[in-house]
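Here is a friendly walk through the fold you are about to see. Keep the viewer open and follow along.

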Amino acid sequence: MNRRKRLLKYSVYLAAGVTFGIWLAAPNGGLKMLGDTFGPSMALAQETPEVSPVKARERDTYYPNSEDLKPDEMRVIACGTGMPTTRAAQAAACFLVELGNGDKFLFDIGSGSAERISSLQIPYNYLDKVFIGHLHTDHFGALHDLFIGGALMGRNVPLRVWGPSGAVPELGTAYALDRMQEMLSWDLAGRAGNIDFRGYVMDVTEFDYKLENEPIYEENGVVIRTFPAIHSIDGSVSYALEWNDLKFVFSSDTYPNKWFVEYAKDADLVIHECFIAVPELVSKMKFTPESALQVGTQVHTAPEAFGKVMSEIKPRMAVAYHFFNDFDTVTGVYERIRSTYDGPLSLSEDFMVWNVTKDDIRVRMAATEERTWSPPLAAPAEPPNVDDKTAMAEKLGVETLDFSDFVAGGVWDVEDVLRPIYEQASEALGQDFPYPEKSEPK
Ligand SMILES: [Zn+2]
Ligand SMILES: [Zn+2]
């Protein structure tokens, strides 16, 4: 490169740098956030790369299913970062962890997060492990959506769920999820015998909420430990996942506590709840000052306290979640965190993506599809089996799940247009698909 060209490039670069500096200096939280997350100092140290304006090049956005993980890489995707009242921009708590060995894990599955998960187009057999931190709906309210919808979209293995006990059995995960399955009796009974039913099985593991950094999952080189959280009532926990010398820690909900400070120390990616600042709880959420102070500082972790926790544990990347991340609330959260913490920070929103290796943590947003269908199947589906319907009837203690004479008697005859569909399928596939016999109303 000749001197003039180099000078020109440098000036352009300098202008960009100055602009970026103005952004950072401007009292605009959103741009400040971006600068922090993507590391302005790193950017300033880089050479301006020469790119062709017409050739394909690496993008700054994560497009699901376009990048294979390296064998030693971890990818974490926020599928929910908001509050109990879900909104179009943010579902409630849910983080997906994907590992280079092919394993995938969901940590919390709050209301609204199933749609986010579907946008990633991951075969549902791989989304069969869920770890619940506590039983607030903003942390497990989409479990039944993943359970039923995931099976319908191709999961043909049981859904495995881990969660803590409570002070009494009635406050534990097993109690809640047994009753969730009872709640779904009508749903399940109506599906048995109509579709591949193998995925409609939930395998629940409840563990003692008082375990202190004890492993509850050890498979395929992955160890997941649990330790107590302080939130709402007894029976909330946090999780740490260790694999390949990388450590991911997820608080679920908690007030700052000694276990988190000890067991998250020096981890690579640490996700901890961080609540909306008290003034915004009053102005935006219409809390009374008394409630705002209580909920914003005592029940949850205030941004200043989040910062203090992160200053102590010094993660390679601190991730704050559990607040509505808007241009006019994020500044308050950010400045309060920065009053107690000056390390690497992501103020998360839905579809933020972290690629974690020993050398680097890359933070981007995902660009996802909205009109998703079933992702590829990880294992072939089986035709429906009428025995599933019989078994379901037995389980429910009813003689039959067939329609009553009353409802069957309401059928309006469209057989003349449905029969040809069976005939067409039989002809096209060279296999006999007999038209179902309808019993005559008695
Ligand atoms: Zn909670
Ligand atoms: Zn919560």
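Two strands are said to pair if DSSP finds at least two bridges between them. Strands themselves (E, at least two residues) and helices (H or I, at least four residues) are DSSP runs, numbered from the N terminus. With that in hand, strand 15 and strand 16 (residues 361-366) pair in the antiparallel sense over five bridges.

A word on conventions: this is a predicted model, in which local features need pLDDT of at least 70 and side-chain atom pairs count only at pLDDT 80 or more, while totals for chains, interfaces and linings use all residues. Residues are numbered from 1 along each chain as its sequence is written, and chains are lettered from A and ligands numbered from 1 in the order in which they are written.

**The chain and its sheet**

The protein chain has 16 helices and 16 strands. A residue counts as buried if 20 or more other C-beta atoms lie within 10 Å of its own, as exposed if 12 or fewer do, and as partly exposed in between, with C-beta atoms placed from the backbone.

Nine strands form an open sheet with mixed pairing, in the order 1-16-15-2-3-4-5-6-7. Its edges are strand 1 (61-62) and strand 7 (202-207), each of which pairs on one side only.

Strand 15 (residues 352-356) has four of its five residues buried, so it is largely enclosed by the rest of the structure. With strand 16 it forms a hairpin, with four residues between the two strands; here Val353 has Arg364 of strand 16 as its bridge partner. Strand 15 also pairs with strand 2 (residues 74-80), antiparallel and over four bridges, and Met74 stands opposite Val356 of strand 15. Elsewhere in the sheet, four bridges join strand 3 (residues 94-99) to strand 4 (residues 104-107) in an antiparallel run, with Phe95 partnered by Phe107 of strand 4.

**Helix 12 and its surroundings**

Which residues of helix 12 (residues 303-313) are buried? They are Pro303, Phe306, Gly307, Val309 and Met310. Seen down the axis of helix 12, these residues fall within an arc of 160 degrees (taken from the directions from the helix axis to the C-beta atoms), so they line one face of the helix. An α-helix has 3.6 residues a turn, so residues three or four places apart point the same way.

What do the buried residues of helix 12 pack against? Their partners are helix 9 (258-263), strand 12 (269-273), strand 13 (317-321) and helix 13 (330-338), where a contact means that the C-beta atoms of two residues, placed from the backbone, lie within 7 Å.

Lys314 sits in the loop between helix 12 and strand 13, while Asn220 lies in the loop between strand 8 (214-219) and strand 9 (222-228). Here are their values side by side.

| Residue | Phi | Other C-beta atoms within 10 Å | Exposure |
|---|---|---|---|
| Asn220 | near 55 degrees | 10 within 10 Å | exposed |

**Toward the end of the chain**

Tyr435 lies in the segment after helix 16 (415-429). Tyr435 is partly exposed, with 13 other C-beta atoms within 10 Å. Leaving aside residues up to four places away in sequence, Tyr435 touches Arg419 and Tyr422. The C-alpha atoms of Tyr435 and Ile421 are separated by 9.3 Å, and the two residues are 14 apart along the chain.
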